[in-house]
Each structure stands twice: as structure tokens, then as C-alpha cells.
Amino acid sequence: MSLQIHREVEHRPESRIDEAIAVLKERFGDRLSTSQAMRDQHGKGEDHHPIVPPDAVVFPESTEEVADIVRVCADHKVPIIPFGTGTSLEGHVAALNGGVCIDVSRMNNVIEVNAEDLDCKVQPGVTRKALNEYLRDTGLFFPIDPGADASLGGMTATRASGTNAVRYGTMRENVLGLTVVLADGRVIRTARRARKSAAGYDLTRLFVGSEGTLGVITEISLRLFGIPEATSVSVCNYPSLEAAVNTVIATIQSGIPIARIEIANGIQLKAINLYSKTDFPEEPTLFMEFHGTAAGVQEQAEMVKALSDEFGGGEFKWTTSPEERSKLWQARHDAAYAAKSLRQGAEVWATDVCVPISRLAECIVETERDLEESDILAPIVGHVGDGNFHMVLIADKNDAEEMERANGVNQRLVERALAMDGTCTGEHGVGMGKMDFLIAEHGEALSVMRQIKKSLDPDNLMNPGKILRV
């Protein structure tokens, strides 16, 4: 089910690693750790891949300190693995060649908020919830909300998304500029604060989604939005996943400015009810949210209800209660943890794809059929407003045959998405888990990515073994 990880320890220049750690220990003192527990904690995210620990973990507090660490590692040819909160899902933080893990959790300051211009600048260790708590009294918020309370540096590095993406976009649309430490220790700023520019290559977009393979992100400028005057949420269950997805397609094609539209199948609803102590009908369900004026959100909800009725939707429950909204979305954000609780001791493998919305119903229905035929337990949940859905494969890690069936389901899911002109990952990223799928998805463009990697990181020190092979 997981990749076979081989750390070629016998081929590593141990003295160079030891020398680099000695230099960093002298400079950072107790902010550098080589304890096994700390290294193991930083050698795995929330994924199914094995722990592959770094040789040391260091905790910088500024861009200058990150640059110092990188220069030491570059001088000694030691790999560098950036680390935020460790919530990645495709083996992003595994130290495949050992090296130094740069944990940015102490770089957790909001540097500035420019309320008039609707933007802010933060250090990479600031989490999405911490930023919105900081912004609470300004009337502004940052909308990107992956399930975990991830760091904004990690969200930028993996081009994260979330439930609000259908209206507000992903990290790609909401990162305005970056400060990045390159593999040789140089510090660059990719953009100024102007909302648009035609000056040179768009380096910001190059580093958004680079997964730590091109540099270490140390500052992020983000787009902010005004908190809407009114917000309402709706829940509706359907006789089938296809009916629910067709409601989504009709909603998007009708131009209704819905803020969130999420789907969960019956198995996922069962898991949510057990984990979050809710009482949703255990049937295919849509969770929706509308932003705007009080009259506007009511009008949007009524328009979606009319479309829902056409596809056999059940009772259309909606509320403007902040408490009910918070409870609903917390349950949705906890969906992955809920899925894990369905089968104690089993291996849990979260995967995702994204397809053009016109092919979404077909992709999900075929995937459900595949799961039934393969006899694999796998809740389905997704940000279906933009064609992205997730599957949590649950299998007995001690049963080789069952694990192979789960692996086959994942393989066919990606092949199905690519055949529909979709992508192997809508938001989890590539890491080491989906590297092989990039060949089929990008073809010759992969060689261009490899050239960029070699140009910026000729010694392959930045998070080696992720995204592509060099």
C-alpha cells in the first residue's frame, strides 16, 4: 500500500552530516534536537507512509536564521526538509535522505495587516485558525480552510484548498507574494504589494505548490476578504450520490454564488455521526453555505432548494445560527478523523482527485462501484463545487491481499480522473505518494519541471524525493 522507503545510509557522507549538525548546534543551542522522539515526530505527516526521520530538527525564528541554516546545509551537502504542523497526506515531510528538518512553528507572527488594501503578511508558522482569530476585530477573514489547522507556510507549499474554494479560490489565487530562502541561502522576495504586475516571471506561483523542493518559504502575503453581512448553512440528503452531484453541477452552472458546497456519502455520514455525535441521515448529503446580505443568502438558498427538488433532494434544512454553523463545519472538517475511527488498527490512506465538474457525477459513481466490487471500506467526501473529492481507504495493514486491493482502487481512481482530463490530486499534493502519476498527467512538461529543480537546487538538497525524481 505504501512505497518501499530505502534510506541509503551506507552511501551518505556521515561526517558532513555530523559536521553540519555540530555547527548548527553551536549556533542554535537547545533549539536544535537530535533526540529520536523529536526526529520521529518530524519524519511523518498524517499519512499512511512509514516514519522516515531526519538527522536533526532545528527551530528558527526569522528569515535570517532560516538562511543561516540553509547555508550551513548547502556547505555540507546536507538535505533540508521544511516542516509546518505535520498534517500533510502524501509523505511530504519524510526525510528520505536524512538531513536537517527546519520546523517553522516558532515563526508564528502576523507581521502586518493592511485592512484598507485587504491583505496581510505572516510568517509561515501562523496557522489558519490563528490568523482568523487575529483578524476577528478587523471585519476581515482569510477563507482557505483545509480540514486540519495547518500552517500557512505548509498550505502555501502544498497549494492547499478547502471548503470555501468554490467561491474564494485556493492558495494559488490568494497568495500575493512570498519571501523564500533558496537552496544556496539567498533570500528573495517574489512580489510587491500591488494587486497586479506584468514585471517578469511569476515566481510567486512557482513556489506555491513546490512542496519545499525549491526553497523554504519564510514570509507570505495573503489576500483577505470582508466578513459577509449574513451567512446561512443548509443540509440536504439525496437518494444517491449521483443526484447530489447533479444538484451541485446545476447550482454552479446556474451562476449561484455559493460559498461552500460539500458532499459526503452514507458511510462518511455514519462515521461523522459516531465521531462528532451528530444525527445526520446516513445518506448522500450536501452541506452548503451562502454569503451575502440577509436577503441575498435567503434568495440563494431558495434557488438551490428549487434545483435540489428537481433531483429528488430531501428536506432542505437551513439556519443562520452561528452555533449551528460552527458545529456543522467542525463535523465536516473532522471527516477524515471520523473515517479513521471506523476500523480501529487499520491502515488509513487518504487520497484525492479533481475533474471538470461536468464529469464529476460520472467519476464519483464509477468510484463507488469500484469500491463495492473491490470490497474496500472507503468513505467519500469532497469539495464538489470545484470538482474535487476525497476518499479514505481503510484496510488491514497485516492483510497483504486486502492492501493490494486498496492500492488497486487508488490506482484506478487516478487513472479514471486523468482519463476525464482531471488531475491526480486536487489539493493533497504530490509528495512521494503520487510521483509516478505525474508522468501520465504532465508528459514532457515534467522534464521542464526537472530543469527548474536542477537550476534552483543543483545538489538536490531541498526536500529530495518529492514531486519528481532528479
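Which residues are linked with Glu366 in a network of salt bridges? The legends below take that up, along with other charged pairs.

**Figure 1. The whole predicted model, as a setting for the close-ups.** The protein has 17 helices and 18 strands, and its C-alpha trace spans about 70 × 60 × 45 Å along the principal axes.

**Figure 2. A network of salt bridges.** Here Glu366 is linked with Asp370, Arg412 and Arg416. In total, the structure holds 25 salt bridges, and the protein carries 48 positive and 69 negative side chains.

**Figure 3. Lys44 meets Asp47 in a salt bridge.** The N to O distance between the two side chains is 3.4 Å.

**Figure 4. Glu61 and Arg106 form a salt bridge.** Their closest N and O atoms are 3.8 Å apart. This pair links distant parts of the chain, 45 residues apart: Glu61 lies in the loop between β2 (56–58) and α3 (63–75), and Arg106 in the loop between β4 (100–103) and β5 (110–114). Glu61 is partly exposed at 38% relative accessible area, and Arg106 is also partly exposed, at 40%.

**Figure 5. Arg172 pairs with Glu173 in a salt bridge.** The closest N and O atoms lie 2.7 Å apart. Arg172 has a relative accessible area of 46%, so it is partly exposed; Glu173, at 28%, counts as partly exposed too.

Notes. Residues are numbered from 1 along each chain as its sequence is written. This is a predicted model: local features need pLDDT of at least 70, side-chain atom pairs count only at pLDDT 80 or more; totals for chains, interfaces and linings use all residues. Side-chain values use heavy atoms; hydrogens and water are left out. Helices (H or I, at least four residues) and strands (E, at least two) are DSSP runs, numbered from the N terminus. Lys and Arg count as positive and Asp and Glu as negative; His and the chain ends are not counted. The place of a charge is taken as NZ of Lys, CZ of Arg, CG of Asp or CD of Glu. A salt bridge is a side-chain nitrogen of Lys or Arg within 4 Å of a carboxyl oxygen of Asp or Glu. Buried means under 20% relative accessible area, exposed over 50%, partly exposed in between (1.4 Å probe, protein chains only).
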